[in-house]
Amino acid sequence: SWQAPVVKRAIAPLLRSMDTRQQAAWHAWTAPPPLVAHLFLYSSRDQVVMPHEIEAFATLHSARLASAGVESKTERWETGEHCGLLRQNPAKYTRQVLHFLQTHL
C-alpha cells in the first residue's frame, strides 16, 4: 500500500529524536557521576519518573561516589508532583538545599 512509505517518512524524524533521547538517558545511567556531592530530592507521588527508578539511579550513583570518598544524600518526600517540590513546599525545599550546600561547600 502507498500509505506505509508515507507514514514511515512522516514518523522517521520522531523516531530518530526518540532514539537520541533514549541514548542520552542510557548514558546518564551508565556514565560515572561528577565527583561532587549529590542531593537527590524526589517524591513518592511523581507520575513521570517512578520513585523506584529514582532510588535505583541514586543508589547506583551514590555507590560510585562513595567509592571515591564523595557524599550523597537522598530525601524522599511523600507529596509533590514531578519537579514540583519547590512549588509545593518552598520553605522545606529551600531549607534542605541550603543545609546540603552549607554542609558540602
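## Salt bridges

K73 pairs with E75 in a salt bridge, and their closest N and O atoms lie 3.3 Å apart. K73 is partly exposed, at 37% relative accessible area. This is a predicted model. A search of the whole structure turns up three salt bridges.

Another joins the side chains of R87 and E81, at 2.9 Å from N to O. R87 is exposed, with 58% relative accessibility. E81 is exposed too, at 53%.

## A link between distant parts

The side chains of E55 and R76 also form a salt bridge, at 2.6 Å from N to O. This pair links distant parts of the chain: E55 sits in helix α2, R76 sits in strand β2 (residues 72-77), and 21 residues separate them. E55 is partly exposed, at 27% relative accessibility. R76 is partly exposed as well, at 37%.

## Helix α2

Helix α2 runs over residues 51-67, 17 residues in total. Its first and last C-alpha atoms are 24 Å apart, close to the 24 Å expected at 1.5 Å a residue.

Which residues of α2 are buried? They are P51, I54, A58, H61, S62 and L65. These residues lie on the same side of α2, because they cover an arc of only 110° around the axis. An α-helix has 3.6 residues a turn, so residues three or four places apart point the same way.

## The other face and the end

The face of α2 turned away from the buried side carries the exposed residues H52, T59 and S67. Just after α2 comes G69, with a positive phi of about 80°.

Notes
Residues are numbered from 1 along each chain as its sequence is written. This is a predicted model: local features need pLDDT of at least 70, side-chain atom pairs count only at pLDDT 80 or more; totals for chains, interfaces and linings use all residues. Side-chain values use heavy atoms; hydrogens and water are left out. Helices (H or I, at least four residues) and strands (E, at least two) are DSSP runs, numbered from the N terminus. The expected span of a helix is 1.5 Å times one less than its number of residues. Buried means under 20% relative accessible area, exposed over 50%, partly exposed in between (1.4 Å probe, protein chains only). The arc is that of the directions from the helix axis to the C-beta atoms. A salt bridge is a side-chain nitrogen of Lys or Arg within 4 Å of a carboxyl oxygen of Asp or Glu.
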